[in-house]
Amino acid sequence: MKLSLTLCGGVSAVSALTVPFTMPIPIEIPDAARIFQAAASAPALPLSAFPKFETVKMEDAMQEAAADNSQEKPKIASTQGADAGGQPAPNSNGVNSQNATADSASTDAAAPAPVTPATVNAATSADSSSDDNNSTLSAEKTSTCGTPSPRVEWRDFPTRSKRALVDAIACLQSKPPSGQFSPATSRYEDFVRLHQAWTPNIHNNDMFLIWHRYFVWSFEQALRKECGLSVDGLPYWDETRDAGNFAAAPLFTGEYFGSLPKGNGTAGTCITDGRFAGTTLHIGPGTDSQPHCLSRAVDEKMTSEVNKDYENICLSRTNFVDFARCWEQGPHGIGHNSVGSVMADVRSSPGDPVFWMHHLYVDRVFSAWQDRDTTGARRRTIEGCADGAKPCKPLTLKTLVPMAGLLPDTTVGQVLDSTNGAMCYSYK
């Protein structure tokens with residue numbers, strides 16, 4: 001027996017999870033017996049079950065970058081014809097045109113729990129004002145950041161800290177869910193479920209980098225507060241150092257994240273070694289909630305495109321919108337798809353713990369792009385669209401960055417600078 005909920009317009013909810021944006025897709029909620037199958041019976045699902053990330057080939061990104069200053073930019077087609085929900089490809093604003101009108105209304109109309117609609121309206125209504133604070137940071141910015149927590153590459157992270165990190169992730173997987181993100185079966189799956197539900201609003205649009213920066217920070221705080229993680233900073237995985245040979249990367253070992261095998265025919269390969277061996281996932285694939293094993297299916301030909309040349313193409317983009325699009329549909333999306341299986345699921349990829357090392361790298365390059373402007377303007381200003389309307393609602397420093405209670409909601413202005421606002425870290 002299944003309960004099918006169609007979430008649309010303004011406020012929608014699954015259990016206690018209140019969705020702040022439009023979700024015009026059916027979400028299948030399986031019965032309890034299906035959710036709580038034994039780990040031993042969880043299969044590796046067909047690779048076709050996982051909705052892949054939209055990506056752009058490096059040569060196409062290079063062509064677009066070269067035409068950056070021309071009056072007419074080439075139209076670059078992604079390698080996927082539809083987004084994770086099977087929706088049409090994004091429009092010129094990077095948002096599905098089918099959802100544009102509804103999305104523009106829902107940002108102000110609803111809020112993630114526990115923030116009330118009135119609170120969100122107050123927080124976002126300033127977006128339309130002409131105050132300069134909408135585009136440039138001012139003295140209103142709040143920060144308690146003293147010495148930023150250092151984030152280093154995995155190879156430079158101490159061995160003891162690596163073990164503590166994977167233990168803390170496993171700890172979060174063992175804790176009961178909060179009850180706000182049904183049908184999550186663990187505290188860890190609270191994070192997976194939130195990402196699954198909000199994918200249309202945080203992918204293929206200008207909120208991608210900003211929302212994921214705060215999402216990763218929220219996960220780090222849960223590891224520290226709920227599982228006692230006390231290491232100094234977190235590591236990122238610089239995938240360009242392993243381009244063409246991800247399977248040999250030093251985090252894919254029996255001591256840490258387990259191996260990175262090829263697929264098993266038309267399905268992924270269940271991970272049977274490492275700290276997360278035998279893990280059963282209950283969120284995904286796509287919008288479903290079907291028990292399946294943590295599986296991978298590396299494509300090393302694809303991993304070769306996650307290289308320094310592509311990274312530098314994106315870093316050369318001179319405005320936030322162009323950089324964010326290049327980076328999301330370039331090495332970010334290619335990195336996901338090339339690890340394969342669960343990691344290639346645009347909605348539920350956080351089910352694979354290596355997701356966090358990947359997104360720490362994604363954020364590291366975002367930070368490097370910001371630092372390329374020696375005036376600091378890229379940490380004080382923002383541009384782009386906060387929705388898919390025509391014309392769109394501008395993305396401003398006061399645009400809400402919701403986290404559904406994982407951490408308190410904040411604003412773009414509080415997330416844009418990782419050393420001066422809601423967070424406190426820097427990359428080494």
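Some conventions come first. Residues are numbered from 1 along each chain as its sequence is written, and side-chain values use heavy atoms, with hydrogens and water left out. Because the model is predicted, local features need pLDDT of at least 70 and side-chain atom pairs count only at pLDDT 80 or more, while totals for chains, interfaces and linings use all residues.

I begin with strand β5, residues 149-153. Helices (H or I, at least four residues) and strands (E, at least two) are DSSP runs, numbered from the N terminus. In β5, 5 of its 5 residues are buried, that is, under 20% relative accessible area with a 1.4 Å probe, protein chains only. Two strands pair if DSSP finds at least two bridges between them. Strand β5 runs parallel to β13, residues 425-427, with 3 bridges; here Pro 150 is partnered by Ser 426. Strand β5 also runs parallel to β6, residues 235-236, through 2 bridges, and Glu 153 has Tyr 236 as its bridge partner there.

I turn now to the annotation. An unreviewed UniProt entry places the domain feature "Tyrosinase copper-binding" at residues 203-220 and 352-363; such annotations may be inferred rather than shown by experiment. Residues 203-220 are 72% helix and 0% strand, with end C-alpha atoms 21 Å apart. For residues 352-363, the figures are 83% helix, 0% strand and 18 Å.

Finally, why does Ile 210 count as buried? Ile 210, in helix α7 (residues 208-227), counts as buried because its relative accessibility is 0%. Leaving aside residues up to four places away in sequence, Ile 210 touches several residues (heavy atoms within 4.5 Å), including Phe 320, Ile 382 and Val 415.

Key:
Buried < 20%, exposed > 50% of the residue type's maximum accessible area, 1.4 Å probe, protein only.
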